[in-house]
Amino acid sequence: MKSKCRNNLLFFLFVASSFFLVSCGSDNSEFDSEGRKIVYIGHAGPLTGPIAHLGKDNENGVKLAIQEANDRNISLDGQTISFKVVSVDDEGKESKTTLVAQKLVDTNVSGVIGHLNSGTTIPASKIYHDEGIPQISPSATNVNYTNQGFPAAFRVMANDKQQGSALANFAINDISANKIAVIDDRTAYGKGLADIFEDTVKGLGGIISSREFTDVTKSDFTAILTKIKGLNVDLIFYAGMDVQGGPMLKQLDNLGLNVNFLTGDGCQTLQFIELAGKSSQGVYASSPGVPLDRMPGGISFNSKYEQTFNQSIQIYGPYAYDATNTLIDAMVKANSYLPENYLPFLKNIQFKGVTGDISFDEKGDINRGSISMYQVKNNKWEYLKTLGDN
Amino acid sequence: MILKIFPSNKKLKFIHGLLLITVSLIFLPFIIEESFGRSWLRIFDYTLIYVLLALGLNIVVGFAGLLDLGYIAFFAVGAYSWAILASPQFDIHLSFLIILPISFLTAGFFGVLLGAPTLRLRGDYLAIVTLGFGEIIRIFLNNLDHPVNVTNGPVGINMIDPVMIGAFSFNNKIEIFGIQLTNLHFYYYLLVICVILVIIICQRLENSSIGRAWVAIREDEVAAEAMGINTRNVKLLAFAMGASFGGVSGAIFSSFQGFVSPESFILIESIMVLCMVVLGGMGHIYGVVLGAFILVILPEIIRSAAAPVQESIFGFVLIDPESLRMILFGLALILVMLYRPKGLWNK
Amino acid sequence: MDIFFQQVINGLVIGSVYALVALGYTMVYGILGIINFAHGEVVMIGAMVALSIILFLFQFDIPIFLSIALVFIGAIIFCSLLAFCIEKIAYKPLRNAPRLAPLITAIGVSILLQNIAMLIWGRQYYSFPQIFNNDTYQIFGIANITTIQIIIILISLVTMFLLFYFINKTQYGMAMRATSEDKNAAKLMGIEINNVISITFIVGASLAAVAGILIAANYGIAHYSMGFMLGLKAFTAAVLGGIGNIVGAVIGGLLLGLIESLGAGYIEKLTFGFMGSNYQDVIAFLVLVLVLVIKPNGLVGEKSSTKV
Amino acid sequence: MSKNILKIKNLSIMFGGIVALDDVNMVTKKGTIHGLIGPNGAGKTTLFNIMTGIYKPTSGNIYLNEKEITGFTPNKIANLGIARTFQNIRLFNSMSVLENVLVGMHNSMNVNIIDIILKTRNFKKEEKLKKERAERLLEYTGLVKYTNNRASSLPYGYQRRLEIARALATSPSLLVIDEPAAGMNQKETSDLKDFLDKINSDGTSILIIEHDVKLIMNLCSFVTVLDFGKIICEGVPEMVKKNKNVIEAYLGA
């Protein structure tokens with residue numbers, strides 16, 4: 001009985017103190033030191049976890065845009081505005097994403113830039129939608145995100161449908177493959193990309209000899225590769241991440257199987273080349289958008305980014321930067337930071353970003369989202385060409 | 001006169017206690033919301049979902065002593081039953097009054113289905129087999145998108161209906177005397193009711209011949225059988241009950257979240273729930289509830305406190321909250337087991 | 001047909017890896033009767049430590065054989081110390097605690113190790129340098145196998161025989177067997193059971209270190225989370241073979257490996273295209289369940305008749 | 001002429017080639033106390049384990065009240081009326097003395113899970129009746145002052161008694177007791193004898209394994225002697241005492 005009481009007490013104290021700890025964290029005051037109206041812009045992405053570096057990259061993009069906006073001393077219906085970033089960590093996990101989305105809603109942000117991957121973006125989008133908060137994802141590419149009929153959900157990057165069909169066209173027309181094996185890593189990303197690729201290839205008269213699967217916990221692919229070897233295909237398409245694509249290529253070589261290897265943006269990284277070693281020679285990969293040096297404002301943005309954060313851009317930084325600017329531009333055009341006022345302007349915005357011209361279709365997908373193709377030549381990704389939206 | 005109204009002082013105390021608890025439970029969400037913001041109310045709702053899970057697993061592991069490492073599978077079954085029966089997936093939209101029982105029964109059925117082959121297994125063999133079953137169910141959910149699409153595979157099922165009572169959806173917002181009630185509140189009340197019901201059921205089972213039979217099996221299976229207990233049926237009942245509660249919890253989870261995908265049902269989740277049970281105090285209902293609260297809320301606190309605290313101390317974030325959280329979690333598991341091997345709050 | 005042989009080879013390679021790790025599980029289980037969930041993480045630590053040593057040694061030009069030797073020795077020593085401490089801190093105090101307590105501490109240790117590793121080496125996946133030359137050989141011109149893969153298969157078989165000899169023929173082995181039979185009796189016979197247990201953990205950890213290096217070398221990749229799944233599979237293998245049994249662990253490992261690769265290769269034919277390689281693990285686990293339902297003590301596990 | 005409560009016909013069992021019991025034939029008359037003695041490893045406990053369904057015999061049959069029960073599951077046999085105690089005491093240690101007895105009554109009850117969850121009148125009635133019966137049993141076995149103690153906290157002799165009480169709770173027609181006097185002193189043993197006499201006189205037949213030959217001789221009306229899995233002698237105590245095979249077996253001559 002005694003210990004029971006003690007434990008009760010302990011538990012209560014523990015909860016109480018914990019709540020105290022937390023409550024001292026959050027502050028959202030109306031005005032800043034110079035009496036400017038504070039407008040909160042939310043950023044959500046994985047700031048910890050295996051892809052934290054990409055999350056940070058996005059966060060930097062947002063911060064840079066906000067910095068510049070504040071330097072411009074924007075004023076919306078009479079008040080000078082000071083934008084403030086509220087950045088939350090979704091760990092790239094579905095289980096956490098709604099919690100952090102709620103945090104953003106609580107600090108009543110006027111708009112959200114995020115999340116990074118589709119798995120977190122889709123569940124969170126419901127919460128923003130319920131609160132009528134506009135959301136622009138810089139990097140979520142799963143088709144379903146903009147298929148939910150949420151009027152305030154946008155993205156500034158070509159989606160998997162655009163990328164998948166671009167890849168398929170490349171496979172048939174440029175590599176002129178006709179017997180193709182498809183491998184996906186059973187993630188939302190991998191499945192989405194592979195399904196669209198498969199459908200488009202069939203549409204273009206190509207043959208899918210087999211559809212194989214792996215999952216993100218695996219590092220041995222010999223079984224499926226051996227099976228593919230037996231089907232003597234002339235192209236393998238892999239929809240997944242670099243940390244598995246690399247070893248997969250090595251094992252491909254060890255099995256003495258040399259066919260063309262095509263993959264998506266998940267593998268269009270330096271790490272992929274590092275992990276695959278010499279096996280990576282000749283691999284084709286796609287990536288949404290265009291390479292930095294081909295972006296209208298790419299070079300200047302790059303230098304700006306590097307001198308601000310003294311680190312180099314990972315991948316999506318520029319897109320986060322553009323997404324933020326697009327949001328702010330809509331606010332300026334509407335002369336209001338209130339979602340209900342600026343949303344209409346956001347819907348049919350025409351914005352010249354560093355990544356290209358930004359405007360949205362009726363679903364919220366970016367118009368003319370471009371896909372670029374690359375190939376590994378002596379341990380470097382070399383730009384081949386850019387395919388428009390089709 | 002008064003004595004007539006309240007026959008005994010004991011009863012009086014009881015009624016007072018009851019009133020107090022009810023009132024505080026009714027107002028708790030508003031207190032939380034006021035002092036720490038909605039996100040904490042949401043966290044609280046999640047905690048209650050895990051409390052349901054822990055209570056369910058407690059029947060299997062705590063009462064009957066059957067080490068189950070795949071328990072999250074039943075959570076998944078419940079979640080997907082709801083997701084399939086109330087979403088655009090097949091454009092079926094049943095009322096929760098129908099779906100809750102269905103998920104309860106489906107999960108229970110799976111409990112028996114997966115329990116049956118394991119009856120002869122002891123201890124750790126049981127553990128690895130249940131773990132296997134848990135993985136199998138997850139793999140199926142993750143791959144049943146072709147040849148026929150049932151679950152959308154890894155993409156998961158989206159736009160799941162909220163609980164609807166008549167025309168009233170839990171996603172509506174209503175204002176009462178200037179206080180805004182959101183889905184967080186409605187689900188809070190739904191969950192609290194479920195938790196209370198489950199606790200009552202558990203207590204009654206515990207103090208019944210069935211509960212005693214479970215403990216008997218846990219203590220000494222041979223002796224239990226020699227006393228005429230049909231261990232097969234009693235074990236299966238434990239699996240079924242445990243699974244069904246998991247199923248209900250899962251169903252509510254998916255309607256609350258509005259989205260389910262296999263990623264929410266990975267092995268580590270099973271381990272988490274097991275830790276809640278063991279850490280709290282196996283076989284002790286309130287201990288298990290405590291365990292669930294600690295293991296869900298503590299990490300959230302660390303998440304929101306770790307970064308600011310470290311910044312205030314070192315001026316920068318030394319250990320990123322994620323790792324710090326897991327490190328403290330690991331340490332907690334070890335220390336509690338070393339100093340309270342029977343759990344924090346055991347009988 | 002050549003595909004079939006290739007699949008068998010693949011299976012044997014994966015299987016040998018499982019076997020190496022499974023040996024560690026099975027020894028600890030045999031002695032203490034606990035699932036040492038942290039074992040998989042020890043494998044990971046082994047690989048990471050080896051990686052650091054290699055990167056360090058590469059700064060100087062040391063003959064390759066010497067540096068390989070140093071790598072193995074360093075990793076083995078480190079893992080042995082680690083396992084020794086784990087046992088003393090997390091398991092020893094719980095010898096007489098409820099059965100689930102050590103399991104939970106094991107899980108705790110596993111989580112702890114993984115995240116500490118994450119702090120030390122970061123989250124990135126490291127490409128593991130080729131410490132063995134990566135030639136591929138043709139077996140009867142129908143199947144390919146690399147140097148490292150041959151080494152893996154050989155080492156796992158050799159270690160199995162060494163262990164078997166160690167446990168059945170040597171003084172310490174006898175002590176181990178006695179301890180696993182009945183701790184108190186062993187004590188009375190003057191066996192220092194604490195030493196025996198420590199040695200068990202050290203041997204297991206050394207195997208884990210070797211396994212870690214070989215795996216990292218084979219897949220050319222090492223990262224903080226490589227241990228958990230591997231440990232799980234290895235434990236499954238140990239149970240499949242009959243946990244607590246040295247030969248069983250290896251048989252279980254090889255079997256599991258073969259099931260996985262052949263399963264992935266042929267399930268589509270077997271299920272008329274309904275299931276694909278995505279059900280690889282399902283087959284593995286179903287086989288496990290079947291085996292245990294038919295033989296509750298695993299394939300070669302001797303029947304423990306319930307003493308009444 | 002009283003009927004047989006237990007009849008064992010040509011019973012044999014092998015463990016991996018070793019014959020543990022070889023063509024055993026044995027009969028226990030209703031209402032008697034039947035003693036089963038023999039040196040260690042004679043197969044006494046094995047015989048018990050077969051008749052209570054823990055082991056399946058290699059060949060032979062077992063009849064309870066003339067009905068065959070060979071190869072039935074332990075719980076089925078228990079419900080048919082054989083209750084047992086164990087050589088190495090096997091109580092439910094974390095449970096109270098009362099609860100241990102209540103477990104024994106598991107099947108004497110007719111409530112279903114719905115009754116339990118809804119706490120119906122039927123359920124309350126059942127629980128009440130069972131508690132009363134359990135308390136009477138504890139009274140009867142002289143454990144009443146320990147009712148709410150943990151079983152593991154009882155002194156050794158009382159743990160033996162509790163095991164018997166728990167067995168009686170299944171209201172058996174045959175009570176099978178394995179070495180109840182092991183480790184007991186003079187006093188405890190004679191108490192035990194009176195206790196068993198009382199149980200028997202209240203109508204429960206008893207089959208008892210015991211090394212304490214003196215106790216067996218005073219207690220039993222009929223004795224069977226096992227050695228190396230064979231019955232080497234059976235009959236009334238006086239006759240068995242004089243049998244030279246028995247003496248040899250014990251003195252190991």
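The legends below describe close-up views of a predicted model.

Local features need pLDDT of at least 70 and side-chain atom pairs count only at pLDDT 80 or more, while totals for chains, interfaces and linings use all residues. Residues are numbered from 1 along each chain as its sequence is written, and chains are lettered from A and ligands numbered from 1 in the order in which they are written.

**View 1. The open sheet of chain A has six strands.**
The strand order is E2-E3-E1-E4-E5-E6, with mixed pairing. Strands (E, at least two residues) and helices (H or I, at least four residues) are DSSP runs, numbered from the N terminus. Two strands pair if DSSP finds at least two bridges between them. Strand E2 (75–76) and strand E6 (153–155) of chain A each have a single partner strand, so one side of each has no neighbour in the sheet.

**View 2. E5 and E6 of chain A run parallel.**
Three bridges join strand E5 (residues 135–137) of chain A to E6(A). A:Ser137 stands opposite A:Arg155 in E6(A).

Axes are lines fitted to C-alpha atoms, for helices over the stretch in contact, and angles run from 0 to 180 degrees between N-to-C directions. Contact means C-beta atoms, placed from the backbone, within 7 Å.

**View 3. Chain D holds an open, antiparallel sheet of four strands.**
The order is E2-E1-E4-E5. Strand E2 (18–29) and strand E5 (67–68) of chain D are the edge strands, each pairing on one side only. Two bridges join strand E4 (residues 59–64) of chain D to E5(D). D:Tyr63 has D:Glu68 in E5(D) as its bridge partner. Helix H1 (residues 44–51) of chain D lies across E1, E2 and E4 of chain D, at about 70° to E2(D).

**View 4. Helices H4 and H6 of chain B pack with their axes 8 Å apart.**
H4(B) covers residues 72–85 and H6(B) residues 123–143; the angle is about 30°. The two helices are therefore roughly parallel to each other (angles under 35 degrees). B:Ile72, B:Ala73, B:Ala76, B:Val77 and B:Tyr80 in H4(B) meet B:Phe133, B:Gly134, B:Ile137, B:Arg138 and B:Leu141 in H6(B).

Note on methods. Two residues are in contact if their C-beta atoms, placed from the backbone, lie within 7 Å. Angles under 35 degrees count as roughly parallel, over 145 as roughly antiparallel, 65 to 115 as roughly perpendicular and the rest as oblique.
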